[in-house]
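Subject: Structure for your review

Dear colleague,

Please find below the structure that I promised to hand over. I would be grateful if you kept it open while reading the notes that come after it.

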Amino acid sequence: MVKPCWKPSYEDEDSGRIDGLLWYKDLGPHVYGDFSMALVQANSIMEDQCQLESGPLSSSNSGPHGTFVGVYDGHGGPETARFINDNLFQNLKSMFPSPFIALQFLQLVALMFVACLVAGFASEHHEMSENVIRKAFAATEDDFLSLVKKEWPSKPNMASVGSCCLVGLICNGLLYISNVGDSRAVLGRAQRGTREVSAIQVSMEHNANIESVRDELHSLHPHDPQIVVLKHKVWRVKGIIQVSRAIGDAYLKKAEFNREPLASKFRLPEPFEEPIISAEPSILVHKLYPEDQFLIFASDGLWEHLSNEEAVDIVQNYPRHGIARRLVKAALKEAAKKREMRFSDLKKIDRGVRRHFHDDVSVVVIYLDPGLIDQSFNCSSPFSMRGALLDMKYLRSRTRLAYRICKVQTAASPVGCGWMWSEKLNNRKSDGGMTEDVCYRSCTIDRSLRSIHI
């Protein structure tokens with residue numbers, strides 16, 4: 001009775017470490033090799049989220065297997081990025097029906113159509129595809145906008161919160177890169193006959209500072225001369241936001257939110273009928289080859305300070321263990337250098353003030369084992385890792401809910417999660433944070449909390 005709460009799946013795995021404003025997982029396994037993950041906080045509240053899911057990509061073992069990587073760079077607040085972290089992968093899995101439903105469906109079909117329907121059903125519902133990914137993005141967007149509408153009377157600021165969303169899927173020898181916003185994925189590919197590794201950007205960015213993005217906005221809004229405005233040497237959509245695609249940002253998609261009590265800085269002076277920005281992802285499908293050695297997924301906080309080539313050189317020339325943390329450190333050193341200060345002094349600056357020097361940074365490095373890429377994994381064990389540095393208020397709200405659930409489940413036991421949490425809750429650092437041990441233990445209360453860190 002105690003076991004489901006006390007020791008959920010993957011607790012044996014190292015769930016990450018904390019060093020000040022840095023969270024990191026130096027090395028872990030995924031279906032096709034190893035991965036490394038790291039995040040560093042700059043904002044008062046961490047707005048970045050990232051995750052890795054490896055194993056079944058559907059609700060049943062009959063569906064596709066592979067690795068899912070997500071980097072979610074929030075803006076205006078953390079709510080959208082957190083929502084994506086909790087829902088996008090689940091929405092993707094729900095796109096594949098269970099075998100029982102599929103069997104019921106086929107039994108209702110006349111025999112003369114069975115052959116063609118089975119072929120079509122397998123293609124559409126049991127294989128990864130661009131269409132499946134688009135539907136998962138759309139479902140996540142719709143669900144979040146519904147939440148914004150529900151919360152509007154009490155939390156109107158939810159309408160101004162959004163997030164970039166970069167997703168990588170590796171399945172059946174193919175790489176799917178889906179993106180809204182300005183996070184970036186870069187592929188490291190070995191050059192035949194040499195030891196050099198080239199950097200290949202495999203994601204398309206949607207930032208108004210890119211000329212082609214401004215051209216796209218002008219073509220979509222030909223009657224709006226103010227669709228992009230140059231403010232303080234930075235191009236912004238309607239003079240407000242840099243990205244032209246994002247999940248959330250309801251105030252730029254639905255006119256019903258372009259009014260009080262939304263803050264005046266977000267309200268547009270003129271009404272609009274069509275969404276100004278969209279959540280439609282740009283998708284690239286790439287067949288993986290033995291020369292494709294690794295992938296770097298990161299929020300723009302990394303790419304503001306490192307070029308594609310610099311990042312690839314670091315991954316190529318250093319050991320796998322801790323490579324994501326090394327990339328974050330390299331970016332922060334560049335940020336300190338630009339401000340003519342020492343890296344050691346930058347590390348002493350607290351969250352909030354730190355944002356004047358660099359953005360939140362999220363990095364996931366995925367190594368690709370050529371011997372595993374083309375293999376079929378129909379029985380691979382699921383592995384899940386989420387990295388995030390969360391504010392205390394959010395952690396408490398989540399753990400209180402989990403505590404109540406576990407208290408009910410373990411009521412008949414003299415020792416259970418409720419006891420563990422009450423005993424450990426007060427063991428905090430003097431600065432109001434929690435020790436890593438307490439944070440890790442609190443996350444074991446509920447499976448959904450196992451990888452939440454502060």
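The notes below go from the whole chain to single residues.

**The chain as a whole**

Please bear in mind that this is a predicted model. The chain has 454 residues, and 53% of them count as buried. Its secondary structure consists of 14 helices and 16 strands. Among the contacts with a separation of 6 or more, 71% are between residues 24 or more positions apart. The accessible surface amounts to about 21,300 Å², with 52% belonging to carbon and sulfur atoms.

**Salt bridges**

Side chains of opposite charge can pair when their charged atoms come close. In this structure there are 18 salt bridges. One of them joins Arg320 to Asp34, with 2.9 Å between the closest N and O atoms. This pair links distant parts of the chain, 286 residues apart: Arg320 is in the loop between helices H8 and H9, while Asp34 is in strand E3. Arg320 is partly exposed at 37% relative accessibility, and Asp34 is also partly exposed, at 22%.

Another salt bridge is formed by Arg245 and Glu216, at 2.8 Å from N to O. Here Arg245 sits in the loop between strands E11 and E12 and Glu216 in helix H6, 29 residues apart. Arg245 counts as buried because its relative accessibility is 12%, and buried means under 20%. Glu216, at 28%, is partly exposed.

**Two buried loop residues**

Met158 belongs to the loop between helix H5 and strand E6. Met158 is buried, with a relative accessible area of 7%. Its contacts beyond four places in sequence are Glu79, Phe144, Leu147, Val148 and Glu151. Glu79 is 79 residues from Met158 along the chain, yet their C-alpha atoms are separated by 7.6 Å.

Asn258 is found in the loop between strands E12 and E13, and at 14% relative accessibility this residue is buried. Beyond four places in sequence, Asn258 is in contact with residues including Tyr251, Phe266 and Arg267. Arg267 in turn forms a salt bridge with Glu260, at 3.9 Å from N to O. Glu260 is exposed at 57% relative accessibility, whereas Arg267 is partly exposed at 27%.

**A charged patch**

Finally, a surface patch of positive charge brings together Arg326, Lys329, Lys333 and Lys347. Of these, Lys347 lies in the loop between helix H10 and strand E15.

With kind regards

Terms used: Residues numbered from 1 in each chain as written. Predicted model: local features only at pLDDT ≥ 70, side-chain atom pairs only at ≥ 80, totals over all residues. Heavy atoms only, no water. Helix = DSSP H or I, 4+ residues; strand = E, 2+ residues; numbered from the N terminus. Buried < 20%, exposed > 50% of the residue type's maximum accessible area, 1.4 Å probe, protein only. Contact = heavy atoms within 4.5 Å. Patch = residues over 30% accessible without salt bridge, like charges linked within 9 Å, V, L, I, M, F, W, Y side chains within 5 Å. Areas by Shrake-Rupley, 256 points an atom, 1.4 Å probe, with all protein chains shown as cover. Salt bridge = Lys/Arg side-chain N within 4 Å of Asp/Glu carboxyl O. Lys, Arg positive; Asp, Glu negative; His and termini not counted. Charge placed at Lys NZ, Arg CZ, Asp CG, Glu CD.
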